[in-house]
Amino acid sequence: MEIIATLVSYASGFALMRSHKAPIDMIATSLIVDAALAPLTAVIAARRGRSPLRWIVAGFVLGMWALAYVLIVAPHPTDDPVRPPASDAAA
């Protein structure tokens, strides 16, 4: 049970606080943190042109690591009709 608590707390980022609690408390707290970060990760990913369903799962499994990745990585290139097409004149 202690190994599972350690893995879950590192995945959510909760272990970085160096909290020493009972394994069941670490698991419960980590799952609550992951459940709170999952929708936030999905919303940010959707605004950056990525799949919200894929990122809500990643946000729940990986917690703050998925959120950090979504915030750091550049937005997915999309065919935005607002942007004008690239000019060949600069070539």
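**View 1. Contact between α1 and α2 in the predicted model.** Glu2, Ile4, Ala5, Val8, Ser9 and Ser12 of α1 meet Pro23, Met26, Ile27, Ser30, Leu31, Val33 and Asp34 of α2. By class, the residues of this contact between α1 and α2 comprise 8 nonpolar, 3 polar and 2 charged. Helix α1 spans residues 2-12 and helix α2 spans residues 23-47, and their axes, which come within 9 Å, cross at roughly 30 degrees. Because angles under 35 degrees count as roughly parallel, α1 is described as roughly parallel to α2. The crossing in which α1 passes α2 is left-handed.

**View 2. The largest pocket and the residues that line it.** The space in this largest pocket amounts to about 220 Å³. Its lining is formed by Glu2, Ala5, Thr6, Ser9, Tyr10, Ala15, Arg18, Ser19, His20, Lys21, Pro23 and Met26. Helices α1 and α2 each supply at least two residues of the lining of the largest pocket, and α1 gives the most, with 5 residues. Sorted by class, the residues lining the largest pocket are 5 nonpolar, 4 polar and 3 charged.

**View 3. Packing of α2 against α4.** The axes of α2 and α4 lie 9 Å apart, and the two helices pack at an angle of about 15 degrees. Helices α2 and α4 are therefore roughly parallel to each other, and their crossing is left-handed. On the α2 side the contact is made by Leu37, Leu40, Thr41, Ile44 and Ala45, while Met64, Ala66, Leu67, Val70 and Leu71 make it on the α4 side. The residues of the contact of α2 with α4 divide into 9 nonpolar and 1 polar, with no charged residue.

**View 4. Contact between α3 and α4.** Helix α3 covers residues 52-62 and helix α4 covers residues 64-72; their axes come within 6 Å and cross at roughly 135 degrees. That angle makes α3 oblique to α4. Trp55, Ala58, Gly59 and Leu62 in α3 meet Met64, Trp65, Ala66, Tyr69 and Val70 in α4. The contact of α3 with α4 has 8 nonpolar residues and 1 polar residue, and no charged residues. Among the α4 residues shown here, Met64, Ala66 and Val70 meet α3 and also belong to the contact of α4 with α2.

Definitions and conventions:
Residues numbered from 1 in each chain as written. Predicted model: local features only at pLDDT ≥ 70, side-chain atom pairs only at ≥ 80, totals over all residues. Heavy atoms only, no water. Axes fitted to C-alpha atoms, helices over the stretch in contact; angles between N-to-C directions. Helix = DSSP H or I, 4+ residues; strand = E, 2+ residues; numbered from the N terminus. Parallel < 35°, antiparallel > 145°, perpendicular 65-115°, else oblique. Left-handed = near helix turned anticlockwise from the far one by under 90°. Contact = heavy atoms within 4.5 Å. Nonpolar A, V, L, I, M, F, W, Y, C, P; charged D, E, K, R; others polar. 1 Å grid on protein atoms, 1.4 Å probe; cavity = no way out; pocket = protein on both sides within 12 Å on 5 of 7 lines; lining within 4 Å. Points joined across faces, edges and corners; volume = space filled by probe spheres on them.
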